[in-house]
Amino acid sequence: MTNEELNLSEQQQIRREKLENLKNMGRNPFEVLKYDVTHHSNDILENFEELDGKDVSIAGRIMTFRDMGKASFCHIQDRNGQIQIYTKMDEIGEEEYKIFKTFDLGDIVGVKGFAFRTKRGEISVHVKEMKLLCKSLQPLPEKFHGLKDPDLRYRQRYLDLIVNPEVKETFIKRTKIISGIRRFLDDRGYLEVETPILSTIASGAAARPFQTRSNALDIDLYLRIATELYLKRLIVGGFEKVYDMGKNFRNEGIDIRHNPEFTMIELYEAYTDYHGMMELMENMVATVCMEVNGTTKVMYQGTEIDFTPPWNRVTMKEAVKQYAGVDFDEIKTDEEAQELARKLKLEDELKKKIKDCTKGDIMNAAFEAYAEKHLIQPTFLMDYPVEVSPLTKKKNDDPTMTERFEAFVFGRELGNAYSELNDPIDQRERFVQQAREKELGDDEAYAFDEDFINSLEVGMPPTGGLGIGIDRIIMFLTDSYSIRDVILFPTMKPIV
């Protein structure tokens, strides 16, 4: 295609003309080539006393270019940072130097030379040989303004990583956080397993699934919304500590805390309960925070968050009483709770009409409306109504409540855990109730899973289970405002 057909800018046309000139000279910057790199930028900067005057071979992208006539200074950027290179015509020859001066910002070069310190004291590489390894046909964002538009940053993450070093650091830290979580669990005897992403039933969480179809089987399938029911089957099968860290998919809204595709860890341990999961979670997050930040305290959006164990513990009833001024122990009937819901204006928090709601539904809605936003420091919110916890054991002293907690930080849910329900008769009844909820319009109600009921009938030991949104942990440990800031390629609507 011609430049006119490609609708190229003047800069893009100039770069393509330079490429053609290089090819005409027999210098194709896209040829098959292996380039031996002996050092990276930080190796030279941190070990200069040992490398001063010694040969090094580096490669990276040209980020700055300062022409001094018969000599030039550039900064090239590799995976670990930037370092200055000094190129002199007398050193590499007049023809090579002339070609070098046609290079553009963004071009990727290989440099062989020796480490030295300039008269101004900057550690640099004195170039003895240079090779163009890749020609950049797109100009980089203008350095003084950079790449600031969030939409463009998320769509063209490759540019974001090149021109915004702090973004690269966030994703390096993301990898360290995920590795730290795995190491923490592996050291405690947990076995990492893999569970299906495609399933005939979307269950294990209250969420709307993505639907697809298998041509070979001629059946509808769903992308998983949770790994819970598969992991519990493994507990039944005799594994006592298991976890699965991977992608879940929920066909719901997109905002600063939600992306349709996100990373989740779920873990299950036999012979423990939700108190055991609290201790595990607070120690895991604190340990990983210390590993990546050197402290268990972080600044998040201007607020100091202290992940040091033990975290606060409060029941839902206590939180609602404190922040909504309502004592649900004094509410005796669903009708009383429904009247209260109207007074508290909870219609938006409820997933069905007030007249169809129970006391438990309304207590949960009151928490979400009045208390949730106040849980800034790490807090375990304990003991949820049975209506909103269909996979959780009931409390021995109050069958209307369950042994469930959610972990909150900065008013946001970070994790969800249960003393897992292992009574197959009770579980069947709750799945039936969830089917009724779906009929009443709750399209996030749990689906009935007959095989899971069958596994419980085989027998599952007392078990504690925990699910944590990995992206949300990373947001807090990297002071990232939006979930899109910690997902390399967030889900976005294409530009038409």
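Is the crossing of H13 and H14 left-handed or right-handed? The crossing is left-handed, meaning the near helix is turned anticlockwise from the far one by less than a right angle. This is a predicted model, in which local features need pLDDT of at least 70, side-chain atom pairs count only at pLDDT 80 or more, and totals for chains, interfaces and linings use all residues. Side-chain values use heavy atoms, without hydrogens and water, and residues are numbered from 1 along each chain as its sequence is written.

**H13 and H14**
- Helix H13 covers residues 334-344 and helix H14 residues 359-371; helices are DSSP runs (H or I, at least four residues) numbered from the N terminus.
- Their axes come within 9 Å and cross at roughly 25°; axes are lines fitted to C-alpha atoms over the stretch in contact, with angles from 0 to 180 degrees between N-to-C directions.
- H13 is therefore roughly parallel to H14 (angles under 35 degrees).
- Asp 334, Ala 337, Gln 338, Ala 341 and Leu 344 in H13 meet Lys 359, Ile 362, Ala 366 and Tyr 370 in H14 (heavy atoms within 4.5 Å).

**Nonpolar cores**
- The largest nonpolar core has 43 residues; such a core joins buried Ala, Val, Leu, Ile, Met, Phe, Trp, Tyr and Cys residues through side-chain atoms within 4.5 Å, with buried meaning under 20% relative accessible area (1.4 Å probe, protein chains only).
- Among the members touching the most others are Phe 307, Phe 405 and Leu 466.
- Helix H11 (residues 274-293) gives the largest share, 10 residues.
- A second, separate core of 27 residues includes Ile 362 and Ala 366, both also in the H13 contact of H14.

Key:
Buried < 20%, exposed > 50% of the residue type's maximum accessible area, 1.4 Å probe, protein only. Helix = DSSP H or I, 4+ residues; strand = E, 2+ residues; numbered from the N terminus. Parallel < 35°, antiparallel > 145°, perpendicular 65-115°, else oblique.
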